[in-house]
Amino acid sequence: MPNPFEDPFTDGALDPAANPFRPGMGRVPPDFGGREPALRRAKVVVDRLARPAAPQLLLYRGVRGVGKTALLAYVRLQAGQRGVHTIALEADRGDGDLVAARETLRRGAAGLVERADDATLARCGSLRRGRDGSVEVRASGTPAATVERLVADLGILAATLKQGVLLTVDEVQEAEQTLLKPLLRAAHLASQEDRPVGVLLSGLPSAAETLFDEGQTYTERLERLELGLLDRDGTVEAVRRPFEREADVLVDEHVLDHVHDESGGYPWFVQLWGAALWDAARSPERVDLVDARAAGVEVHERVQAFFADRWRRVPSGRGALLTVALAEQGGDAEMGDLTEVLDLTHQALSPARRDLVERGLCWAPARGRLAFTVPGFAEWVTRTRPDRS
């Protein structure tokens with residue numbers, strides 16, 4: 001067998017090293033097919049910050065794997081290229097998250113503090129320059145109050161230096177009351193004074209719902225954008241455009257139909273299909289159904305492993321019972337029907353339901369309903385009957 005470094009050989013017609021598709025949670029895809037409305041709203045935020053002016057606050061919501069984290073990463077990249085200062089936060093539960101957020105904000109503010117004069121820093125209640133030139137944080141009471149003050153000070157620095165600042169916060173459902181509330185409150189006050197601080201958030205479908213229910217004024221400028229599964233047009237663009245742009249290869253319409261049907265429009269699966277089709281292509285000009293059948297073998301193995309990994313995250317006991325019952329109902333059902341099937345009360349099943357939602361395995365598409373977050377999982381559970389006693 002030849003050494004591949006000395007005698008490169010590939011079964012496909014396209015260079016595997018040039019494969020543009022990026023299957024994997026949080027990875028920016030080569031094309032955001034079907035996400036143009038979400039990108040358009042984010043571009044308005046970035047364009048206003050680049051002026052600089054205060055933008056709308058945005059919240060992307062959707063189940064895991066629909067591209068929320070990738071969108072945040074892409075928008076940060078675009079904002080940086082337009083001269084906007086970016087800081088990325090990830091939410092978590094508890095006060096420990098506030099300590100981590102405070103440290104991230106301190107590091108993120110360093111570049112702005114270095115350029116600020118003493119008079120500007122004197123107006124900041126939480127930031128100052130240390131004797132060695134480092135950035136120090138002065139605590140403002142509780143950890144939440146310190147985070148709120150830090151965001152307010154970022155607004156002061158942004159306005160004085162005339163440079164927009166974009167904060168992105170992922171997984172906000174993990175820390176609505178601890179991190180999200182003080183952050184939004186400070187961002188709202190900054191927007192009232194037209195300070196160029198933007199906030200772009202992402203979370204599960206229920207993220208920030210408690211804050212909206214409370215009717216606080218700081219949610220008035222927070223716009224929710226729901227990200228669901230891709231429709232056929234979105235799937236087509238996500239697959240076809242990278243092939244055309246990177247290799248001038250045409251993908252048959254029948255292949256595109258097949259990919260959409262098999263992936264269910266789930267963006268992570270769409271990327272899997274794109275990557276497998278690239279590696280399986282037999283022609284440098286066209287991808288056909290023969291290539292799709294070959295690619296399907298690899299995709300099937302990856303998807304089965306993905307489902308098996310999700311099953312391992314299902315809690316034992318009533319969590320497993322509820323998961324199997326939901327699968328038998330097609331993966332989307334009324335909780336009343338599930339309690340009847342399992343002969344258990346709503347109260348008895350409530351902890352298991354909450355656990356499945358918090359683990360990202362299920363979500364509530366409507367009040368009183370429960371559904372799996374990934375297409376095809378119900379079929380996999382009913383077909384394989386995995387053990388989870």
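This is a predicted model: local features need pLDDT of at least 70, side-chain atom pairs count only at pLDDT 80 or more; totals for chains, interfaces and linings use all residues.
Five strands make up an open sheet with parallel pairing, in the order 2-5-6-1-7. The edges are taken by strand 2 (85-90) and strand 7 (222-226); each has a single partner strand, so one side of each is left without a neighbour in the sheet. From one strand to the next, the twist averages 15 degrees.

Strand 1 (residues 57-61) pairs with strand 7 in the parallel sense, over five bridges. Within this pairing, Leu59 has Arg224 of strand 7 as its bridge partner.

## Helices on the sheet

Helix 5 (residues 143-161) lies across strand 2, strand 5 (165-170) and strand 6 (197-203), and runs at about 150 degrees to strand 5. Helix 6 (residues 176-192) touches strand 1, strand 2, strand 5, strand 6 and strand 7, and its direction makes about 150 degrees with that of strand 6.

Helix 6 is largely enclosed by the rest of the structure, because twelve of its 17 residues are buried. After helix 6 comes Asp194, with a positive phi near 55 degrees.

In soluble globular proteins, nonpolar side chains tend to be buried together. The largest nonpolar core here has 74 residues, of which Tyr60, Phe243, Phe269 and Leu277 touch the most other members. Helix 10 (residues 267-280) supplies the largest share of this core, ten residues. A second, separate core has 44 residues, including Ala101, Ala109, Leu167 and Leu222.

Beyond its neighbours within four places in sequence, Tyr60 is in contact with residues from several parts of the chain: Ala38, Leu39 and Ala42; Lys68, Leu71 and Leu72; Leu200, Leu201, Ser202 and Gly203; and Leu225 and Leu227.

Strand 10 and strand 12 are joined in the antiparallel sense over three bridges. Glu334 stands opposite Arg369 in strand 12.

Gly376 sits in the loop between strand 12 (369-372) and helix 15 (377-384). Gly376 counts as partly exposed because its relative accessibility is 35%, a value between the limits of 20% for buried and 50% for exposed. Arg41 is 335 residues away from Gly376 along the chain, and the C-alpha atoms of the two are separated by 31 Å.

Helix 15 packs with helix 11 (residues 289-312) at an angle of about 80 degrees, and the two axes are 10 Å apart. This makes helix 11 roughly perpendicular to helix 15. Helix 11 contributes Gln304, Phe307, Ala308, Arg310 and Trp311 to the contact, while helix 15 contributes Phe377, Trp380, Val381 and Arg383. By type, the residues of this contact are six nonpolar, one polar and two charged.

How values were computed:
Residues are numbered from 1 along each chain as its sequence is written. Side-chain values use heavy atoms; hydrogens and water are left out. Helices (H or I, at least four residues) and strands (E, at least two) are DSSP runs, numbered from the N terminus. Buried means under 20% relative accessible area, exposed over 50%, partly exposed in between (1.4 Å probe, protein chains only). Axes are lines fitted to C-alpha atoms, for helices over the stretch in contact, and angles run from 0 to 180 degrees between N-to-C directions. Angles under 35 degrees count as roughly parallel, over 145 as roughly antiparallel, 65 to 115 as roughly perpendicular and the rest as oblique. Contact means heavy atoms within 4.5 Å. Ala, Val, Leu, Ile, Met, Phe, Trp, Tyr, Cys and Pro count as nonpolar, Asp, Glu, Lys and Arg as charged, and the others, Gly among them, as polar. Two strands pair if DSSP finds at least two bridges between them. A nonpolar core is a set of buried Ala, Val, Leu, Ile, Met, Phe, Trp, Tyr and Cys residues joined through side-chain atoms within 4.5 Å.
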